[in-house]
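Please look through the structure below before reading on.

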Amino acid sequence: MRLISTPSRLYRALALAEWVTWTLLLAGMFVKYVLEAGEWLVRIGGGLHGFTFLSYAVVTVLVAVDQRWSLRDLLLGLGSAIIPYLTVPFERSALRRGLLGVSWRLREEAGRTAPERIVGLALRRPLLAGVITLIAVAIVFSVLLSLGPPTEWFS
């Protein structure tokens, strides 16, 4: 529970995880395409990265709603996961600009909008919300996995 104790702690953990999984994916691509030594690392790194990418997106939305980010900051946060190694610099910038609070606002305060009410409920029941979110991310991940690598989606 300590990991989710504050928005800044949770966001930092996911930003770092996204950073690490980018490294695994890029290392796998190097092994596959440069060393021509198989694609097993791409499969592992790609799978871990895909799941972490989706998790980072969920956490970005959760923190953005709770901390009342602007749409611009939300889009920058989501976009930072698309460009390799940008999540940690974005997290540092968000921390400096006061976007990552030291407490969850909606854990105590009633939400005014539907997204705020949903996030508030999730924050007050973190175990249930975590299980539901994990299942939802796993379903989306499985569907995307069945579609094949992203490079083949539009061919």
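How far apart do the end C-alpha atoms of residues 127-147 lie, and what percentage of the span is helix? The end C-alpha atoms lie 30 Å apart, and the span is 95% helix and 0% strand. This is a predicted model, in which local features need pLDDT of at least 70 and side-chain atom pairs count only at pLDDT 80 or more, while totals for chains, interfaces and linings use all residues. Residues are numbered from 1 along each chain as its sequence is written, and side-chain values use heavy atoms, with hydrogens and water left out.

**Overall fold**

- The protein has seven helices and zero strands, and along the sequence its pattern reads α-α-α-α-α-α-α; helices (H or I, at least four residues) and strands (E, at least two) are DSSP runs that are numbered from the N terminus.
- Taken along the principal axes, the C-alpha atoms of the protein fill a box of roughly 55 × 30 × 30 Å.
- Of the 155 residues in the protein, 36% are buried, where buried means under 20% relative accessible area, exposed means over 50%, and partly exposed lies in between (1.4 Å probe, protein chains only).
- Among contacts between residues at least 6 apart in sequence, 68% join residues at least 24 apart, a contact being heavy atoms within 4.5 Å.

**Annotations from the UniProt record**

- An unreviewed UniProt entry gives the annotation "transmembrane region" for residues 12-34, 40-65 and 127-147; UniProt positions are given in the numbering used here, feature names are shortened, and annotations may be inferred rather than shown by experiment.
- In the model, residues 12-34 are 96% helix and 0% strand, and the end C-alpha atoms of this span lie 32 Å apart.
- The unreviewed UniProt entry also places the feature "domain: DUF3817" at residues 9-95, a span that is 80% helix and 0% strand in the model, with its end C-alpha atoms 10 Å apart.

**Surface**

- The accessible surface of the protein comes to about 9500 Å², of which 71% belongs to carbon and sulfur atoms; accessible areas come from the Shrake-Rupley method with a 1.4 Å probe, and for residues only the protein chains shown count as cover.
- A nonpolar patch on the surface is formed by Leu 127, Val 131, Ile 135, Ile 139, Val 143, Leu 147, Trp 153 and Phe 154, which together have about 860 Å² of accessible area.
- Patches are made of residues with over 30% relative accessible area and no salt bridge, with like charges joined within 9 Å and nonpolar side chains (Val, Leu, Ile, Met, Phe, Trp, Tyr) joined within 5 Å.

**Helix packing**

- In helix α6 (residues 114-124), the residues Glu 116, Val 119, Gly 120 and Leu 123 are buried.
- These residues lie on the same side of α6 because they cover an arc of only 105° around the axis, the arc being that of the directions from the helix axis to the C-beta atoms.
- The partners against which the buried residues of α6 pack are α2 (40-66), α5 (105-108) and α7.
- Ser 55, which has its place in helix α2, is buried at a relative accessible area of 17%, and it touches Leu 14 and Val 137 when residues up to four places away in sequence are not counted.
- Ser 55 and Thr 133 are 78 residues apart in sequence, and their C-alpha atoms are 8.6 Å apart in space.

**Salt bridges**

- A salt bridge is a side-chain nitrogen of Lys or Arg within 4 Å of a carboxyl oxygen of Asp or Glu, and by this rule the count comes to 10 salt bridges.
- Glu 39 forms a salt bridge with Lys 32, with the closest N and O atoms 3.5 Å apart, and another with Arg 43, where the closest N and O atoms are 2.8 Å apart.
- Glu 39 is partly exposed at 33% relative accessible area, whereas Arg 43 counts as exposed at 61%.
- Arg 105 forms a salt bridge with Glu 109, the closest N and O atoms being 2.7 Å apart; Arg 105 is buried, with a relative accessible area of 18%.
- Salt bridges that share partners join Arg 68, Arg 105, Glu 109 and Glu 116 into one network.

**Backbone angles in two loops**

- Arg 68, in the loop between α2 and α3 (71-79), has a positive phi of about 55° although it is not a glycine.
- Tyr 85, found in the loop between α3 and α4 (87-96), has a positive phi of about 70° although it is not a glycine.
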